[in-house]
2 protein chains.
Amino acid sequence: MNVNLMHGAGGEVMGELLKTLTAFKNNNAGGLGLESLDDGAVIPVNGTNIVLTTDSHVVRPIFFPGGDIGRISVCGTINDLAVMGARPIALTSAMIIEEGFEISGLARIVASMDQALEEAGAAIVTGDTKVVERGSLDGIIINTAGIGIADRPVRDSGLREGDQIIVSGTLGDHGISILAYREGFDLGDQLRSDVAPVWGMVDLALRAGEIHAMKDPTRGGFAAAINEMARKSGVSILLDEEQVPIRQSVRSAGELMGIDPLQVANEGKVVMGVPAADAEAVLAAIRSHPLGRDASIIGEVVTGSDVIMRTSIGGERFIEPPLGDPVPRVC
Amino acid sequence: MNVNLMHGAGGEVMGELLKTLTAFKNNNAGGLGLESLDDGAVIPVNGTNIVLTTDSHVVRPIFFPGGDIGRISVCGTINDLAVMGARPIALTSAMIIEEGFEISGLARIVASMDQALEEAGAAIVTGDTKVVERGSLDGIIINTAGIGIADRPVRDSGLREGDQIIVSGTLGDHGISILAYREGFDLGDQLRSDVAPVWGMVDLALRAGEIHAMKDPTRGGFAAAINEMARKSGVSILLDEEQVPIRQSVRSAGELMGIDPLQVANEGKVVMGVPAADAEAVLAAIRSHPLGRDASIIGEVVTGSDVIMRTSIGGERFIEPPLGDPVPRVC
């Protein structure tokens, strides 16, 4: 059997490929390892919880409204650390560059990475560079890995009955804007990627109350993330469509392209489950941060094994994880 | 200006590109950061020295005599940690796979990575997978990053006058064997990559005596590594050609292809500078390990700023860092 694009889309089909790629016997260093398939690993070192994570970025175009491959590569790793409850400390940057790439473009990418590091209070401390022959790669690929410190690591599987589900802002901005830009739609400033480091916002939330589970809805979007959280936690989630924040411009562009904003990547958002008693305090903390102004309580955790949306017209529908991502090369 | 293949070859030309790629203001997390351009970074965390490193692997062919891209991707990171004096703890694995790649090949690569992890006592604890469209990548690229713990971090810039230079075994095996294999030379089992995790051997050396500086001579080979160590340490190195271990098969194949074995990558070797008083003890420790049987004291550190080889016929020649690597896609 051969790998196909659906295998990399972060949806259900990817599970097959992951079975092969996670068949390591040496998969754990004493804490939370590869077997958890969480956003990062936890490694206890002399009483400190080190969180380790990695992401490769193949996004096209390299420069897009609201960001570029540099910003996304730093934010991707910062955000994976953040949703594990870890303060980002140090990142690596490994670039593979196609012969012929303009050095001025690299300088622009590096400046963009530096800006995102500044926003997150982290640093690129080591790196690697490979140059490959023309035609063997499409421009540039950037991998970042990173470590952070978590006083109390947060997993994506810790949802409990009665938890309130909070999203930190509007959904679908990144994926829909990337695709619209590729298709040549000009919607001005209304369609921009949300790519941003969420640690500052998550830090406020962690201080405001207990967080049982957290995830950043990147590839496969909110639909993939919420289903994974529900499945791993062994619970159902009941969502209220009226409360799910989606920009009108994103909704319209999604309808035009036949793409569901809930199934495409976000790069500056967080989904979490919070005990009902803490929900309002956590929501207020998130809203007090510039990235969290549109945060909303969108549902609750109940017994069962489905994700169900109560629609605005009074019906109910299942939110299924996407089989594959409608937007390849989105991150 | 555009990037060209010489920029990625680990030689002198690469310095230009590195200026652009290391222009981060946020480049240090309190210990040894990107500014050091060492094999890894050191991050002090609650009194523990965490070493962090990364490497992307683009080697072709994917399977070669003595190893494959999986083994090299694990060993590359293990060895970067080891030469920083760090016991490897946990690695990440980020794969970018071209549509159409056979899943059976992936399974073979994963098994090979697992074997190398087993040898080094480390684990892959987290990962990432991207699939890209056919034609946009040549098969597979693997990035690994990793963390280790160093009681006393070792840098590549700590050489002092009077230090003895030790290499842990024969030089040029990896680069020459990869190139010979590509050229279709059949030299049977005599030309094989040396790719192996060196931590076990380095651990013995660290326990046997003081190590002032250490590096693994990968891209650009021994010539690049020894020049970098000399330059960063502000010293000269006087080498004795008679003592430099090179396999006869490697020497012959190198002559046939016009390639200097000192200028191509090694993937299971270490170069170090050791105070004269400790040199014999450290050498004995290295030789007691299966990977270190051919270890040799090959020279000494003196005042100056050159690397000079006393040849076997009584002359002297400069060992210059290669401008570029004669073997692209070697690691």
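# A guided look at two chains

Visitor: Does B:Asn46 count as buried or exposed?
Guide: At B:Asn46 the relative accessibility comes to 63%, a value computed from a model that is predicted.

Visitor: Where in chain B is B:Asn46 found, and what is its phi near?
Guide: B:Asn46 is found in the loop between β1 and β2 of chain B. Its phi is positive although the residue is other than glycine, and the value is near 45°.

Visitor: What relative accessible area does A:Asn46 have?
Guide: A:Asn46 lies in the loop between β1 (41-45) and β2 of chain A, and it has a positive phi of about 45° although it is not a glycine. A:Asn46 is exposed, and its relative accessible area is 63%.

Visitor: Which residue does the cis peptide bond join to B:Arg60?
Guide: The loop to look at in chain B runs between β2 (48-57) and β3 (63-64), and B:Pro61 is found there. Omega is about 0° for the bond in question, which is cis and joins B:Arg60 to B:Pro61.

Visitor: Which strands of chain B stand at the edges of the open sheet?
Guide: The sheet is formed by 5 strands in the order β1-β2-β7-β5-β6, with mixed pairing. An edge strand has a single partner strand, so one side of it is left without a neighbour in the sheet, and this holds for β1 (41-45) and β6 (123-132) of chain B.

Visitor: Which residue in β6(B) stands opposite B:Met95?
Guide: Strand β5 (residues 87-98) of chain B and β6(B) run parallel and are joined by 9 bridges. Across this pairing, the residue of β6(B) that stands opposite B:Met95 is B:Thr129.

Visitor: At about what angle to β5(B) does helix α3 of chain B run?
Guide: Helix α3 (residues 103-120) of chain B lies across β5, β6 and β7 (140-149) of that chain. Taken against β5(B), the helix runs at about 170°.

Visitor: How do the residues lining the largest cavity divide into nonpolar, polar and charged?
Guide: The structure holds 1 cavity of 30 Å³ or more, and the largest has a volume of about 30 Å³. Its lining includes A:Ser56, A:Ala94 and A:Asn143 along with B:Ser56, B:Ala94 and B:Asn143. The elements that give two or more residues to this lining are β5 (87-98) and β7 (140-149) of chain A together with β5 and β7 of chain B. By class, the lining divides into 6 nonpolar, 4 polar and no charged.

Visitor: Is A:Ser73 buried or exposed?
Guide: A:Ser73 has its place in helix α2 (residues 69-83) of chain A, and it touches A:His57, A:Met113, A:Ile142 and A:Thr144, leaving aside residues up to four places away in sequence. Since the value for A:Ser73 is 0%, the residue is buried.

Visitor: Which strands are the edge strands of the 7-strand sheet in chain A?
Guide: The order in this open sheet is β9-β11-β8-β12-β10-β13-β14, and the pairing is mixed. Each edge strand pairs on one side only, and the two are β9 (213-215) and β14 of chain A.

Visitor: Which residue is the bridge partner of A:Arg310 in β14(A)?
Guide: Strands β10 (residues 236-240) and β13 (residues 307-310) of chain A run parallel and are joined by 4 bridges, with A:Asp240 partnered by A:Arg310. Strand β13(A) is also joined, by 3 bridges, to the antiparallel strand β14 (residues 316-318) of chain A. In β14(A), the partner of A:Arg310 is A:Glu316.

Visitor: Which residue in the turn of the hairpin formed by β13(A) and β14(A) has a positive phi?
Guide: The two strands of the hairpin have 5 residues between them. Within the turn, a positive phi of about 95° belongs to A:Gly314.

Definitions and conventions
Residues numbered from 1 in each chain as written. Chains lettered and ligands numbered in written order. Predicted model: local features only at pLDDT ≥ 70, side-chain atom pairs only at ≥ 80, totals over all residues. Heavy atoms only, no water. Pairing = 2+ DSSP bridges. Buried < 20%, exposed > 50% of the residue type's maximum accessible area, 1.4 Å probe, protein only. Contact = heavy atoms within 4.5 Å. Axes fitted to C-alpha atoms, helices over the stretch in contact; angles between N-to-C directions. 1 Å grid on protein atoms, 1.4 Å probe; cavity = no way out; pocket = protein on both sides within 12 Å on 5 of 7 lines; lining within 4 Å. Points joined across faces, edges and corners; volume = space filled by probe spheres on them. Nonpolar A, V, L, I, M, F, W, Y, C, P; charged D, E, K, R; others polar.
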